[in-house]
Amino acid sequence: MSRLVVQKSGPLRGRVQVPGDKSIGHRAILFGSLARGRCHVRGLSHGEDNLSTVACMRAMGVNIELAGDRATIDGVGLRGLSMPSGVLDCGNSGTTMRLLAGLLSAQRFGTRLVGDASLTRRPMGRVVGPLRARGAHIGGSDKDGRPAPTLEKCYPPLSVAPLVEGEQLTGIEYDMPVASAQVKTCLILSGLYASGPTALREPVLSRDHTERMLISLGVPLRTAGSMVYLDPEGLDGAKWDRGWDPFEWEVPGDVSSAAFPIAAALLVEGSEITIEGVGTNPTRTGLLDMLRLIGAPVEQETRDEAAGGEPRADLFVKHVRPRGGLAAGELVVRMIDEVPALCAIAAVSRGTIEIRDAEELRVKESDRIATMAGVLRAFGVSCEELEDGMRIEGGAKLRGATVTSQGDHRIAMSAAVLGLAAEGTTIVEDADCIATSFPTFVPLLKGLGADVRLEES
Ligand code: S3P
């Protein structure tokens, strides 16, 4: 196991690129695997989460060649997957498991989806419930590994039994209780194979990469606000043949990874950095909007579009101490993975930063509200944990701390950037997890002038 050793650092300067967007990467691999022929993807992250999706698709007979940040995927078509010889290991990736649950529910072979200790604690009733409602034979496990007695107590591993001859998933109209792109995509993927339409409504629009990418591939899917409608028979009288042609896509940089160098630049006085080619899909830019609201704007210079109609920009960040402010409602949905980075930024604000409506953070790779509150306190920051968020007082003198990531990549990186502005030495135990989303995190920070190193613990 590795740990990060971080010292207070001087101004960070330079131009950097973050790895490809993890969410778009998962989808590019999945949709490429289901295309009718060879697809090319550039800018793919080497993060372990995307590699879990690659491994699962390979196990179902899809040939995927990886070379640097490029992938060549020999798509087998919607009906071309074959039965894997063993369990499908989703590693730490909730996205892999929830998306595959939808795809596999429609197959004529059975599968079992497993994950690591952190993923095994994450709720799966949210996909199992609606999938069963459309006729899928899928079940999860309770915390002791026995068949889950209820949807509330449904966790990985997931078992999917095959649809038998003559069975088909049905259409579904579903009001989603939580905004979740994973649940939405799971139901869209299963809907590609269904006998009738899939109509979904989210309380707030979550990231819409699936919708953009599938529409660009000609899938009969329509959106209006936070509603999605997919009719696998075709829209407006135009029959759909249930498939798509091969594509060439470039994945933009991951704004969720960019959040950490952004936080670092706002924490370390005198910093000025540029992050090139970052995805700026409006369903993902809640942190950038929040920073503008609290007086720490990140300048954006728009570039061309990347994969499937995804906008991207170069981001320019200059150190400034933000004001206090409130993040709540749809803003939080659009920055859900960036909340730990916002917590780190809040530590140096000139007021109180309050985060509400963020209860989903309790069921991420760790309980991010509790873990982040513990990390902030270890650095000398005063904060109040709320059921659905946190209240953080800015302006305390940060002191170096020894903290553990709890195996959560975004907690490890938030602690590391706090360490750059703290007196003395900071140690972040259990830092290997950073590789799930941002394997180049340490060299990137070093390149900007940060005093950070990874060592064996
Ligand atoms: C993701 C959706 C979000 C996000 C996760 C990636 C996706 O999860 O937190 O990191 O790629 O669909 P939820 O769907 O649980 O909100």
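Is D142 buried or exposed? With a relative accessible area of 13%, D142 is buried, because the cut-off for that label is under 20%. Keep in mind as you look around that this is a predicted model.

**Salt bridges**

Side chains of opposite charge can pair when their charged atoms come close. In this model the count comes to 40 salt bridges.

| Pair | Closest N and O atoms |
|---|---|
| D142 and R146 | 3.7 Å |
| R312 and E250 | 3.5 Å |
| D337 and R410 | 3.7 Å |

Let us start with the partners R312 and E250, whose closest N and O atoms are 3.5 Å apart. This pair links distant parts of the chain, with R312 in strand β17 (residues 312-318) and E250 in strand β14 (residues 248-250), 62 residues apart. The two ends carry separate burial labels: R312 is buried, at a relative accessible area of 5%, while E250 is partly exposed, at 25%.

The salt bridge of D337 with R410 also links distant parts of the chain, 73 residues apart. D337 sits in the loop between α9 (330-333) and α10 (339-346), and R410 belongs to helix α12 (residues 409-419). Here both residues are buried.

Salt bridges can also be followed through a network, and one such network links E354, R356, E384, D388 and R391.

**Backbone points to check**

Most residues other than glycine have a negative phi, and most peptide bonds are trans. If you enjoy going through backbone torsions, a few places are worth a visit.

Where does a cis peptide bond occur? The bond from P156 to P157 is cis, with omega near -5°. P157 is part of strand β9 (residues 155-161).

D236 is not a glycine, yet its phi is positive, near 55°. You will find D236 in the loop between β13 (227-230) and β14. D236 counts as exposed because its relative accessibility is 68%, and the cut-off for exposed is over 50%.

Q406 likewise has a positive phi near 55° in a residue other than glycine. This residue is placed in the loop between β22 (402-404) and α12. At 47% relative accessibility, Q406 counts as partly exposed.

Key. Residues are numbered from 1 along each chain as its sequence is written. This is a predicted model: local features need pLDDT of at least 70, side-chain atom pairs count only at pLDDT 80 or more; totals for chains, interfaces and linings use all residues. Side-chain values use heavy atoms; hydrogens and water are left out. A salt bridge is a side-chain nitrogen of Lys or Arg within 4 Å of a carboxyl oxygen of Asp or Glu. Buried means under 20% relative accessible area, exposed over 50%, partly exposed in between (1.4 Å probe, protein chains only). Helices (H or I, at least four residues) and strands (E, at least two) are DSSP runs, numbered from the N terminus.
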